[in-house]
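I opened a new page in the notebook for this one. My plan is to look things up one at a time and jot down what I find.

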Amino acid sequence: MTAASTESGTATRPIHVGRQPVYDRVGDVVGYELLFRGNADALTATSRNAFATSQVIVTAFTEFGLDQLVGDRPCFVNLTREFLVGELPVPFDYGQTVLEVLESVPIDDEVVAGVERLIDSGYTIALDDFEWSAQSARLMPMATYVKIDMLETDAAEIASTVKRCREYPNIELVAERLETEERLGLAFELGFDLFQGHILGRPHVISSRGLSPSRLKRLELLTTLTSDDADIKDVVEIVTADAALSFRVLRATNNAASGMTNRVSSIQQAVVLLGMRRIREWVALMLISDVCEASEDQLSNTMIRARLCQTVAEHLGLSGASGFTVGLLSGVAELVGEPLAEIADRLPLTEEVALALQTGGGRLGEVLQTVRAYERVDLHTLGRASIDSMELATAYLAALGWSARTFADLGEPGRQN
């Protein structure tokens, strides 16, 4: 099993998200704003468009997971017009996420209707960099938070806006861009509820490495999902043919991303739990969000391992789908350079699958150990395996052929997509 890179490219890419704390009046952190960051050293966002929003959503929900980023606290995510009016999907259920209407969005009838739909669906709305006008006031009855710029706004204007906002008892006022003691004191004097800014806490960039799903596979999946006769079996086949896409679909089923408490043991269960609409929304967003595409041959070994684990599991009378998932995630861990147990902890896996990944225990753990031993040509471990070495060799050749056929469908091996 080879890890991250070859001459033709890398199967992983750096991923970053900015996180800035929001404080209450006694100084406790009560939430975070998630911010687009193009690199680990970025001090500010280089973009606040639909791409930036898509990148933040996909990275936060399917790469890191909200539990890792914000715990059980609320998180604020900027939305551009495309998301508000429904041109781009909001692919996660309401819950701890607060949707911020950017100040650059003109408040017209279409935006008001879109915000109403989001509210009716249970989402919480914040108005970012709020300035009072006849147009912006249309959203006040629907908003829970109003964020006011304390850096570049005149003190008298801030006081006037606060007074008008207090006419809406549903509103919590957030003083943002606090950079001086004088403006922090003004915010307390005016009775703001929450506080955010460099004087209290600068955005912290959290970085890791993530897999880049195949663009063609996502296009194929999106086409399948949008057809009138979309079949769940076809969807599962496409998802399981792409290690990165499989990993993201599994991540999208965790509690933070979708509000579910179910545990899954296979990609098929994850697809069923999310449902066609949610899968469609995530895949559409991935098409926008991924900056960098990787060569398909870098994922080949992961797919061979997953297929071989599936075959061995079936030979032992176990679930082939669970075996595939165990093999897939063990390969993903090596590709992204993270401990397998940590990845397993962040996924909504059944106890048997999690045990195999965390400790190598259980019968699925035996499957994974056998396949890894075969890869290392570890004759001592193979001698204790519950499957004959000749059967393993045959299964490996079959897995190799399956992987080659899968990636042949995507184009020339090793090319960038």
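Entry: I began with α15 and α16, which sit oblique to each other. A reminder to myself before going on: this is a predicted model. I looked up the angle between the two helices, and it came out at about 40 degrees, with the axes 7 Å apart. For the record, α15 covers residues 351–359 and α16 covers residues 362–376. I also checked the handedness of the crossing, and it is right-handed.

Which residues of α15 and α16 meet? On the α15 side I noted Glu352, Val353, Leu355, Ala356 and Leu357. Their partners in α16 are Gly362, Leu364, Gly365 and Leu368. Sorted by class, this contact has six nonpolar residues, two polar ones and one charged one.

**Entry: the whole chain.** I stepped back for an overview. The protein chain has 18 helices and eleven strands. It runs to 417 residues, and 55% of them count as buried. I then looked at contacts between residues at least 6 apart in sequence, and 69% of these join residues at least 24 apart.

**Entry: aromatic rings.** How many aromatic pairs does the structure hold? I found four. One of them is Phe76 with Tyr145, an edge-to-face pair at 5.1 Å centre to centre, with 70 degrees between the planes. Phe76 belongs to strand β5 (residues 75–79) and Tyr145 to strand β8 (residues 145–149), so this pair ties together parts 69 residues apart in sequence. Buried or exposed, I wondered, for Phe76 and Tyr145? Both turned out to be buried.

I moved on to Trp132 and Tyr168, a tilted pair at 6.3 Å centre to centre, with 45 degrees between the planes. This pair also links distant parts of the chain, 36 residues apart. Trp132 is in the loop between β7 (124–127) and β8, while Tyr168 is in the loop between α5 (155–165) and β9 (172–176). Trp132 has 26% relative accessibility and so counts as partly exposed. Tyr168, at 23%, is partly exposed too.

**Entry: positive phi.** Next I went through backbone angles. Asp129 is one case, with phi near 45 degrees. I placed Asp129 in the loop between β7 and β8. Its relative accessible area is 17%, so Asp129 counts as buried.

Arg177 is another case, with phi near 60 degrees. Where is Arg177? I traced Arg177 to the loop between β9 and α6 (181–189). Arg177 has 32% relative accessibility, so I filed it as partly exposed.

**Entry: Gln310.** My last stop was helix α12 (residues 297–315), where Gln310 is found. With 18% relative accessibility, Gln310 counts as buried, because the cut-off is under 20%. What does Gln310 touch, leaving out residues up to four places away in sequence? My list reads Gly320, Gly323 and Phe324.

Notes: Residues are numbered from 1 along each chain as its sequence is written. This is a predicted model: local features need pLDDT of at least 70, side-chain atom pairs count only at pLDDT 80 or more; totals for chains, interfaces and linings use all residues. Side-chain values use heavy atoms; hydrogens and water are left out. Axes are lines fitted to C-alpha atoms, for helices over the stretch in contact, and angles run from 0 to 180 degrees between N-to-C directions. Helices (H or I, at least four residues) and strands (E, at least two) are DSSP runs, numbered from the N terminus. Angles under 35 degrees count as roughly parallel, over 145 as roughly antiparallel, 65 to 115 as roughly perpendicular and the rest as oblique. A crossing is left-handed if the near helix is turned anticlockwise from the far one by less than a right angle, and right-handed if clockwise. Contact means heavy atoms within 4.5 Å. Ala, Val, Leu, Ile, Met, Phe, Trp, Tyr, Cys and Pro count as nonpolar, Asp, Glu, Lys and Arg as charged, and the others, Gly among them, as polar. Rings of Phe, Tyr and Trp (its six-membered ring) pair if their centres lie within 6.5 Å; planes under 30 degrees apart count as stacked, over 60 as edge-to-face and the rest as tilted. Buried means under 20% relative accessible area, exposed over 50%, partly exposed in between (1.4 Å probe, protein chains only).
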